[in-house]
Amino acid sequence: MANHKHLTQEQRSIIQEMLSSHNTLANIASALGKNPTTISREIRNHLVFVRVGYRHVNFNACAHRFSCTRIHICKTCNPDKHYKKCSNCPSCNKNCPDFLLVICPDLLKPPYVCNSCSKRFNGCTLEKRYYYADQAQKEYLSVLSESRSGFSLTEAEIRHLDSVVSPLLRQSQSPHHVFVTNPDSIMVSERTIYRLVDSGQLSARNIDLPRKVRFRARKKTIHIKVDKSCRINRKYEDFVSFLQGNPDILITQLDSVEGVKGGSVLLTIHFIKAELMLAFLRDYNDSKSVISIFDHIYSILGHQKFSSLFQLCLADNGSEFSNPKALEFNGDGERRTRIFYCDPSAPYQKGSAERNHEFIRMFIPKGKDFSGYTQDDISLMMDHINSYSRESLGNKSPYEMFAFLYGQEVLDLLGCHRIPPQNVTLNRSIFRKEDLS
């Protein structure tokens, strides 16, 4: 058996080649000197999903695709398509209320891919799954790089540490004293406690450490690890590929707006076509708060309205969006949206939302703590922003455009209100609070 735990680019190329030659996982494992479980895990962790048909036949993953005779499912069918049956249309699966997903049974057992299947080019309209060495190596290097930076703790673990460590730090105990006197409750190193405080993950702050505030520490960036496996098949390049097959899909951009580091933050939801933005105040910039907001909106709108409005969401690489499955599916496991991510350090890929954040800064300057505001304050601010006419919308406001595209009922459910044009104010005087002056 090989001593090296990690597969190399050359070994991955051998896996791809042997899969295409009808080799079993046991044969591949034997050739590489690995355990078959390692090969199985490697293939399943780096699957490439492809939704194509064959020889001028469109993709169709419906169980009724051969027997279906329905026509005119879409309200306005494009006459240029010339499809006699809706089952021949690439939009069939997306729009048909009787759609029933079917997955090829061969993909549920080893080798889990279509690399050697003879039907993939002749006779199969289902979703294909492939293993490509170059793509697998790229994903492996991305996850490896992320695993070697920052620290990895779940939100539940951080909350537990906060409940144990922060009260003691506020009693002027040092992290060292807290660490050595609570060995059964603190399962991280002393240094990690300092790093958690530095990054604002704990409610205790550096000012609660009496000796630390006497010294001016060298400024450095604190990296919080995000599980990059959640980005697999959800990267920006996957987003672009998905749009090529679904050019008419509605896109919603997700982002966070920070006040002070470690303090309250805003979750912004930007509907590109209408340029309307929603903003929700959160106490912590964690994924739990984002999921709670999504669940709240879902409960208000219902499945049909939510799924039609949030067809696809494009988010940044923040840790608050690192649980895509909880956002994509409801409590019953039913899909309600799709999540994709921008490339790191590429805010221009969701430039529409970034531009709209400039309006928020007219009310709350950068570096201003959000803790003095309530959700009612934030909602009022967004009502003024969404009632401001835009030249890009033909001198209509985002509120008017959204009502035209998606209906006034949705705006009422979301709690949005139109401000008369002469009353629109784009500064913080709308809050009328002395403590915010």
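Which residue takes a positive phi just after H14? Gly407 does, at about 100°. This is a predicted model: local features need pLDDT of at least 70, side-chain atom pairs count only at pLDDT 80 or more, and totals for chains, interfaces and linings use all residues. Residues are numbered from 1 along each chain as its sequence is written, and side-chain values use heavy atoms, with hydrogens and water left out. Helices (H or I, at least four residues) and strands (E, at least two) are DSSP runs, numbered from the N terminus.

**Helix H14**
- Pro398, Tyr399, Met401 and Phe402 are buried in helix H14 (residues 398-406); buried means under 20% relative accessible area, exposed over 50%, partly exposed in between (1.4 Å probe, protein chains only).
- Seen down the axis of H14, these buried residues fall within an arc of 165°, so they line one face of the helix. The arc is that of the directions from the helix axis to the C-beta atoms.
- They pack against strand S4 (265-271), strand S5 (276-282), helix H10 (287-309), helix H13 (375-386) and helix H15 (408-414). Contact means heavy atoms within 4.5 Å.
- Phe402 touches Phe271, Ala274, Leu276, Leu309, Gly407, Val410, Leu411 and Leu414, not counting residues up to four places away in sequence.

**Nonpolar cores**
- A nonpolar core is a set of buried Ala, Val, Leu, Ile, Met, Phe, Trp, Tyr and Cys residues joined through side-chain atoms within 4.5 Å.
- The largest has 33 residues. Ile269, Ile297, Phe310 and Phe402 have the most contacts inside it.
- Two or more residues come from each of S4, S5, H10, strand S6 (312-315), strand S7 (339-341), H14 and H15.
- H10 gives the most to this core, with nine residues.
- A second, separate core of 20 residues includes Ile360, Ile364, Tyr373 and Met382.

**Strand S3 and its partners**
- Six of the eight residues of strand S3 (residues 251-258) are buried, so S3 is largely enclosed by the rest of the structure.
- S3 pairs with S6 in the parallel sense over three bridges; two strands pair if DSSP finds at least two bridges between them. Cys313 in S6 is the bridge partner of Thr252.
- S3 and S4 run antiparallel, joined by seven bridges. Val265 in S4 is the bridge partner of Glu258.
- The S3 and S4 hairpin has six residues between its strands. In the turn, Gly262 has a positive phi of about 85°.

**Gln173**
- Gln173 lies in the loop between helix H6 (155-170) and helix H7 (175-181).
- Gln173 counts as buried because its relative accessibility is 18%.
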